[in-house]
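Load the model in a viewer and keep the selection panel open. The stops below are ordered so that each selection leads on to the next.

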Amino acid sequence: MKLFQTAIAAALLGATALAAPAHADVKIGLIGGVTGPIAAMAPPMIASAQLAIDQVNANGGILDGQKLIGVVGDSACNPQNGTDAATKAVNIEGVVAIVGPHCSGSVLAVANSVTVPAGIAIITPSGTSPEITSLDDKDTVFRTVPSDDYQGRALARTLLDRGTKKVAVAYLNNDYGKGLAEAFKSEFEANGGEIAGYAAHEGEKASYRSNLAELASGGADTLVILDYGDGSGLTLLRQALENGFFENFVGADGMKSDATFKELGAENLTTFVASSPVGEKSDALEMFSKAFTEAGGDPSAIFVTTSYDAAFLMALAVEKAGGDKTKVAAAMREISNGTGETILPGEWAKAKELIAAGKAIDYKGAAGDHNFDEKGDVPGAYALFKVGANGFEMIGEMK
Amino acid sequence: MGALEIINFYLVPGLVVGSIYALGAVGITLVFAILRYAHLAHGDLATLGAFLGLGLVTALGISPYLALPAVMVLTAVVAVGIDRVFYDYLRERPKIVTVMASLGIALMVRAIVQVVWGVDSQTYTRGIVRPENWFGIRVRDRELITILAMIALVVALQLFLQRSKWGKAMRAMSDNPDLALLSGVDNGKVVTITWVIVGGLCAAAGLFLGLNFELKAMMGWSMLLPMFAAAILGGVGRVEGAVIGGLIVGVAEEMSTLFLPTEYKAATAFAILLLMLLVRPTGLLRGKVL
């Protein structure tokens with residue numbers, strides 16, 4: 001009797017083990033800065049990635065009609081939490097690939113200590129540090145957002161074009177702030193601008209007045225803040241405004257956070273501009289905007305286009321790789337290299353058929369064409385924004 | 001750089017931050033002296049106080065100053081509750097167990113704040129407040145009130161400790177708990193009173209931090225190191241020492257940017273802490289040696 005029971009149990013177990021792969025859901029990690037300094041930006045980013053996943057599931061699912069599931073993890077925008085979240089996603093959840101993490105520091109740490117050793121492909125929608133370009137990643141790290149090397153240089157040229165010749169730069173002492181600041185400084189100085197103050201600061205301090213006083217002592221009336229608008233960047237901006245250290249304020253994508261005008265008031269931010277990557281006008285962008293608006297999202301929120309593209313690209317790559325996580329990175333290159341039938345946002349059913357037929361496809365995303373260079377980077381377009389009555393308003397493209 | 005600039009941009013912010021450190025450090029020093037462990041949930045208890053204040057301010061539409069007493073009472077109740085449910089249970093165990101437990105409490109309290117109030121930066125009142133000019137010295141009203149409230153709270157606490165029966169019992173327990181117990185001091189009650197005071201001070205520190213800067217889920221945690229540095233600098237168990245320590249750490253942090261690259265500002269408190277432990281472990285006012 002005992003033997004019989006054991007045999008039944010073993011048979012059942014065996015059956016589940018055999019049956020499992022055929023019906024199991026396919027998981028990808030969605031790792032983002034849910035808490036921490038970019039907490040205000042993260043929810044729409046995750047929502048737009050989720051939109052891509054929903055579209056996959058609504059149009060036939062992934063592989064053999066399985067469901068694609070996004071497992072959300074919190075990187076808290078720092079290396080330690082990012083590593084924890086990625087380790088959990090890879091080892092416990094068993095994800096085949098990761099969309100994220102959101103912050104550069106997390107991307108570097110996660111790639112070095114978790115995903116590169118495990119051979120898992122990651123694609124970040126917002127990790128913009130130039131350091132990511134030079135990562136020894138065995139070709140598994142991609143991004144749908146351009147490197148800050150471009151943004152820092154574009155911002156420097158735009159400021160010079162607008163007649164700002166002398167600035168002070170305050171940057172957050174992390175991979176994001178430092179990379180951006182270095183690119184900005186070299187371009188600004190090379191084109192005849194003067195940097196009259198250049199200092200890093202640690203995040204999460206209560207008072208930055210002494211930092212600001214040091215920066216202001218150089219005599220510049222424009223402060224470039226390369227920080228997060230929901231973290232210490234907000235504190236810096238507030239204290240600079242309250243004490244009149246500077247007249248004009250310039251931020252990069254990290255400062256384009258709704259927290260700035262929600263907490264400081266749009267009426268106080270008339271001299272504040274921020275740059276941010278934007279999708280170039282295209283059919284793809286319109287298709288995404290329509291779908292995301294219908295899903296209740298705001299398509300002009302920062303990094304939603306790149307997040308959507310990252311998730312959609314990852315789904316295509318997983319489909320192309322047949323669910324084999326070791327082949328996802330190689331598949332990523334094949335689905336968006338400029339050759340083959342064009343796939344626009346949301347065209348999952350069409351892409352699935354073409355992949356099944358063995359035809360080449362080329363994804364053209366909401367944020368750009370995403371034809372990755374040899375480092376897994378993409379070129380980008382930027383625009384400058386100011387604070388208007390209803391949030392950020394675009395004032396012009398940047399070159 | 002003129003004297004006025006030094007005062008306006010280095011000394012005044014240093015004193016304001018220092019006052020907030022002082023409020024926190026007084027609580028830390030009381031727990032150190034009476035309960036004999038490092039309370040790592042101190043910063044997050046302050047965060048909770050700040051966000052409870054935000055809850056009252058948004059729900060009732062009152063000014064943060066009016067919310068202060070209610071917030072102090074609420075946080076005190078939470079502190080006593082945490083002690084009853086967690087720390088009391090561990091009282092007979094080695095103290096390091098309680099220290100680790102308090103780290104767990106810190107994470108729990110922060111998670112509750114994040115669940116209830118979200119993770120975005122928030123403020124009590126929207127917009128910015130430009131400083132008033134008093135004969136060239138630029139101070140915002142709220143900064144003046146922060147410093148004055150800190151002094152008032154600490155004076156009240158000192159009077160309580162020196163004059164009242166329970167204050168004396170607290171000091172007795174700080175000197176020698178067994179002897180205090182034999183002399184008829186109810187240790188359990190002293191512990192409760194300590195947590196009431198510590199909870200109230202935490203709430204005040206958090207509220208003033210939120211009032212002067214922004215409310216963030218991590219605000220208290222990032223204040224923990226300077227607060228500990230202040231408590232040890234002043235001498236563990238010495239309330240007036242914690243106040244002096246807090247002010248010194250606050251001013252030293254701001255002044256450090258005059259000599260050091262600004263990214264080292266956050267390390268100032270740590271350097272002071274290490275230096276004191278090496279050179280004078282009893283602190284400036286001869287506190288306990290840990």
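Into which domains is chain A divided? Select 7-146 + 281-363 for domain 1 and 149-278 + 381-398 for domain 2; domain bounds come from an automatic or database domain assignment. This is a predicted model, in which local features need pLDDT of at least 70 and side-chain atom pairs count only at pLDDT 80 or more, while totals for chains, interfaces and linings use all residues. Residues are numbered from 1 along each chain as its sequence is written, with chains lettered from A and ligands numbered from 1 in the order in which they are written.

**Between the domains.** Taken over C-alpha atoms, the centres of domain 1 of chain A and domain 2 of chain A are 31 Å apart. Contacts link 16 residues of domain 1 of chain A with 19 residues of domain 2 of chain A, where a contact means that the C-beta atoms of two residues, placed from the backbone, lie within 7 Å. On the domain 1 side there are 11 nonpolar, 4 polar and 1 charged residues. Ala, Val, Leu, Ile, Met, Phe, Trp, Tyr, Cys and Pro count as nonpolar, Asp, Glu, Lys and Arg as charged, and the others, Gly among them, as polar.

**Between the chains.** Next, show chain B: 31 residues of chain A are in contact with 31 residues of chain B. On chain A, select β7 (194-201), α7 (209-216), α8 (232-243) and α9 (259-264), each of which supplies at least two residues to that side. Helices (H or I, at least four residues) and strands (E, at least two) are DSSP runs, numbered from the N terminus. The most comes from α8(A), with 6 residues. By class, this side of chain A holds 11 nonpolar, 11 polar and 9 charged residues.

A:V169 stands opposite A:Y198 in β7(A).

**The hairpin.** Select 382-388 and 391-398 of chain A, which are β13 and β14, paired in the antiparallel sense over 7 bridges; pairing requires at least two DSSP bridges. The hairpin joins β13(A) to β14(A) through 2 residues, and A:G388 stands opposite A:G391.
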